[in-house]
Amino acid sequence: MNKHFVLAILSLVLGMLACQTKEQRQVKIKTQLPVLGFKDLNEQGDTLYHTIPDFAFMDQDSMLVTPATFEGKVYVADFFFTSCPTICPRMKAQMLRLYEHFKDEPRVAFLSHSIDPEYDQVPVLKAYAEKLEISASRWHLVTGDKTEIYSIAKSYFENAAEDPNEPGGFIHSGAFYLVDTQRRIRGYYNGVDPAEVDQLMADIQVLLHEDQSAQ
Amino acid sequence: MKTKAPNKHVKTSLYFVWPLAILGLFLLLRALLQGGSGGGEVGQNLYNLHCMNCHQEDGKGVRGLVPPLAGADYLQTQRQELPCIIKYGLKGKIVVNGREFDHPMPPNLQLSEAQVYNIIRYIQNSWGNEMQAMSLAEVKAALRQCDPSAAK
């Protein structure tokens, strides 16, 4: 009888643990973030990190957005298209949470690349931004040369592509990429998962603190 | 006369029965505690799969992009249209709770009549919505009206 009791309690505890770990995913407080991507050494022996190359895209206010736009800022980048029938509205809802959370922090910006730049011209992006009630000074929705956008996507390790079999005609990952002031990728997060976006929120603070201590 | 051997067999099998019984009870309690909403789990699963990306888990939509379902007057005023909107999507301007929305809603042609019915039931009974239930017959009749293959 004793053995039955032990087994019964054991299964109960295991069952409860199994259910809890699924529901409670807490934000990890980190002291530093990794630098993602391939590393190299230059002739002097310094480490060269993977960085986002130069780019020039047009945002919803017809302003040219380049790396200089994000000078002294960390930014969150993603890939989307306005006519996307699947995960984009959910990504945008999560991005809006970040946008609101950091509304008083000028060192945090957002960059959403359209992977359907032929349809998503400036007026379409403008209308989309108005529906989201976002300001181009903090959140840039950009369009541009298709090859350049797909090439910059690769530098984020984003898997964006045209695919006529997909709803909407394009595939993309739904990831948010965290980029530091030196154009290095410091993290990527599932942009449709609120728990991962909470983690991103905490990680942005780590980067801001890192920049403060570096000065 | 019976031998004692089968009895022994019954006793050892209790090792498996006990934990399973407790686990079963635990899962049942969990299900009872969570499944309290009127829409039913089937409707909720369908909603999560086909509607939640845009209309969000809390039914509030996304600002001026995706209209809310929670507390939306549109659900009352356009009640008869709901089955067709869910299955065949929507284009053009609509007004929900006094606010204008103009972003196309994609069709969900794969949904059966029963699935459309379950989704409507879930929406009608979630997030504080309390609406006059739509019957399966109403859903079927509405869908027959807007079925493009049946149009004459």
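A residue counts as buried here if 20 or more other C-beta atoms, placed from the backbone, lie within 10 Å of its own. This is a predicted model, in which local features need pLDDT of at least 70, side-chain atom pairs count only at pLDDT 80 or more, and totals for chains, interfaces and linings use all residues. Residues are numbered from 1 along each chain as its sequence is written, and chains are lettered from A and ligands numbered from 1 in the order in which they are written.

Chain A has five helices and 11 strands, taken as DSSP runs numbered from the N terminus (helices: H or I, at least four residues; strands: E, at least two).

Next, select strand S10 (residues 175-179) of chain A, where five of five residues are buried. Ala175(A), Tyr177(A) and Val179(A) lie on one side, Phe176(A) and Leu178(A) on the other.

Val76(A) stands opposite Leu178(A).

Tyr188(A) in S11(A) is the bridge partner of Tyr177(A). Five residues separate S10(A) and S11(A) in this hairpin, and Arg183(A) in the turn has a positive phi of about 65 degrees.

Terms used. A residue is buried if 20 or more other C-beta atoms lie within 10 Å of its own, exposed if 12 or fewer, and partly exposed in between; C-beta atoms are placed from the backbone. Two strands pair if DSSP finds at least two bridges between them.
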